[in-house]
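Please examine the sequence and the structure shown here before reading the briefing.

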Amino acid sequence: ATWTRGTGWHDAAVVPYGPLQLDPAAAVLHYAQEVFEGLKAYRHADGSVWTFRPRANAARMARSARRLALPELGEDAFLEAVTQLVRTDEAWVPSGGESSLYLRPFMVATEAFLGVRAAHEVKFLVIASPAGSYFPGGVKPVSIWLSQNYTRASLGGTGSAKCGGNYAASLVAQEEAGAHGCDQVCFLDAAEQRYVEELGGMNLYFVHDDGSIVTPELTGTILEGITRASIVELAADLGHEVRERRVSIDEWREGVASGRITEVFACGTAAAVTPVGKLVSADGELSHGTGQAGEVTLAIRERLLDIQYGRAEDTHGWLHRLV
Ligand code: PMP
């Protein structure tokens, strides 16, 4: 669909996949006025197709759009677009294992205008791509590079918005992680370079030896992960005390070294729940546990995937039927 200032949203349609025509002066190409979302369609054993908390994605997209001076798309319009696309492409929703159809709604400023101001023409699109299991060979812990040269977000910035610019700014740190043999990069807060924020595309959780679990609190610089929010509730269902508070990098290191932190895991739509096996930084390497996924991590992972794939009762009312 297209949004034009004064007219609002118009021309919604499902069209065959293909290149987008953009004017070379389109605002998004110069000023990155863009936001996006990521969610999945899951096929259940009876053939039906569902998404997980799509209204949370719609609400987050509205918050991101507001921060990027983009127009708001209503939750119902967001849901309608996703529903129509999945119904059209139903054959592409895989079944079995942990495969799914990844959905990528996004909004871009298309107005051809080189002045620096909010664009008067914007497009909203949804594309889809089948996604196989994140861990085809079984769940394996990932290694994390601690970024000490770059931060991802500062107060008053766009950290809690899902906008392309945040990811553009994080790529050099992800490259650095790769150069050090790590799978993911972890960012600290920009003000003090001391508090753990999140990974390039996932939020973090720390499991303590008393059974409590801790995740960095939302300070306006962390993406409000929908998986993160769901795990706050699922972990409580499983009997864990859940705390949202600041976690310093020293607490992480000392906690793992002393055994007070027994497991660390990351979470997000793409991988659901991923154990962390190692923290690497310029100061050296810190291995976590035995190199295998921890018990609490696996239990939370299973609980979440069982709900998403319809193998467990959806006690929180998180599933939304598409087909
Ligand atoms: N943090 C960042 C920076 C992300 O890109 C993502 C993926 N959207 C997440 C956290 C996890 O969010 P969600 O659980 O909504 O996928």
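This is a predicted model: local features need pLDDT of at least 70, side-chain atom pairs count only at pLDDT 80 or more; totals for chains, interfaces and linings use all residues.

Residues are numbered from 1 along each chain as its sequence is written.

**Domains**
- The chain is divided into domain 1 (2-131) and domain 2 (142-308), with bounds that come from an automatic or database domain assignment.
- The domain centres, taken over C-alpha atoms, are separated by 27 Å.
- Domain 1 brings 19 residues to the contact and domain 2 brings 13 residues; two residues are in contact if their C-beta atoms, placed from the backbone, lie within 7 Å.

**Ligand shell**
- Among the residues surrounding the ligand are Gly38, Glu198, Asn203, Ile226, Thr227 and Arg228; a residue is near a molecule if its C-beta atom, placed from the backbone, lies within 6 Å of it.
- Helix H5 gives the most to this shell, with three residues; helices are DSSP runs (H or I, at least four residues), numbered from the N terminus.

**Helix pair**
- H5 (residues 226-237) and H7 (residues 295-308) pack at an angle of about 110°, with their axes 10 Å apart; axes are lines fitted to C-alpha atoms over the stretch in contact, and angles run from 0 to 180 degrees between N-to-C directions.
- H5 and H7 are therefore roughly perpendicular to each other, a term for angles of 65 to 115 degrees.
- Ser230, Ile231, Leu234 and Ala235 in H5 meet Ile300, Arg303 and Leu304 in H7.

Conventions: Helices (H or I, at least four residues) and strands (E, at least two) are DSSP runs, numbered from the N terminus. Angles under 35 degrees count as roughly parallel, over 145 as roughly antiparallel, 65 to 115 as roughly perpendicular and the rest as oblique.
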